[in-house]
Amino acid sequence: MYFLKTEQSFDAAHFLSGYDGKCKNLHGHRWRVVAQIAGDTLNEDRQTRGMLVDFGELKTELKKLCDEMDHSLIYEKGSLKEKTIEALREEDFRMVEVDFRPTAECFAKYFYERMKEKGYAVHRMEVYETVNNCAAYEES
């Protein structure tokens, strides 16, 4: 089995609605996203012969996903009052609404699924919200 890893990062704010602790308040992270793909065989075609995938393409696709979140406020759908959202939009804040609680665990699954949709044989996705704290997702 062959494995490739690449990583990207983005800066974004979030908060955990309904959480009883510090993370209920708006705060930010430098999120680090590490994608690992796997495969049994290497390509045979001329351009990518001897490669599982082209690292350049893999890095570009992960970067595109991270850029969608970069320098934004990520919030769970239904967690902010509509007038709060309107006020932030009036101030031209960049906001990303997601259908999940924006935890490192949920982001790991989110990025896993998005890379899989792009056709990659994703083995594992890791998301660090700090240097020391990481959540991972992989399917069994």
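Guide: The side chains of Glu138 and Arg124 meet in a salt bridge, with 3.0 Å from N to O. Glu138 lies in the segment after β6 (134-137) and Arg124 in strand β5 (residues 122-128), so this pair ties together parts that are 14 residues apart in sequence. The term salt bridge means here that a side-chain nitrogen of Lys or Arg lies within 4 Å of a carboxyl oxygen of Asp or Glu. Side chains of opposite charge can pair when their charged atoms come close.

The model is predicted, with local features requiring pLDDT of at least 70 and side-chain atom pairs counting only at pLDDT 80 or more, while totals for chains, interfaces and linings use all residues. Residues are numbered from 1 along each chain as its sequence is written, and side-chain values use heavy atoms, with hydrogens and water left out.

Both partners of the pair are partly exposed: Glu138 has a relative accessible area of 39%, and Arg124 has one of 27%. In this scheme, buried means under 20% relative accessible area, exposed means over 50%, and partly exposed lies in between (1.4 Å probe, protein chains only).

By the salt-bridge rule, the count comes to eleven. One of them joins Arg32 and Glu7, whose closest N and O atoms are 2.8 Å apart. Arg32 belongs to strand β2 (residues 27-39) and Glu7 to strand β1, so the pair ties together parts 25 residues apart in sequence. Arg32 is partly exposed at 30% relative accessibility, as is Glu7 at 39%.

Another salt bridge, between Lys109 and Glu113, has its closest N and O atoms 3.8 Å apart. These two residues are four apart in helix α3 (residues 104-117), which means that about one helical turn separates them. Lys109 is partly exposed with a relative accessible area of 36%, and Glu113 is partly exposed at 35%.

Thr6 counts as buried, because its relative accessibility is 8%. Leaving aside residues up to four places away in sequence, Thr6 touches Val33, Val34, Ala35, Leu58, Lys59 and Leu62, where a contact means heavy atoms within 4.5 Å.

The strands and helices named above belong to a chain with three helices and six strands. Helices (H or I, at least four residues) and strands (E, at least two) are DSSP runs numbered from the N terminus. Along the sequence, they follow the pattern β-β-α-β-α-β-α-β-β. The C-alpha atoms fill a box of roughly 55 × 30 × 25 Å, taken along the principal axes. Of the 140 residues in the chain, 38% are buried. Among contacts with a separation of 6 or more, 61% are between residues 24 or more positions apart.
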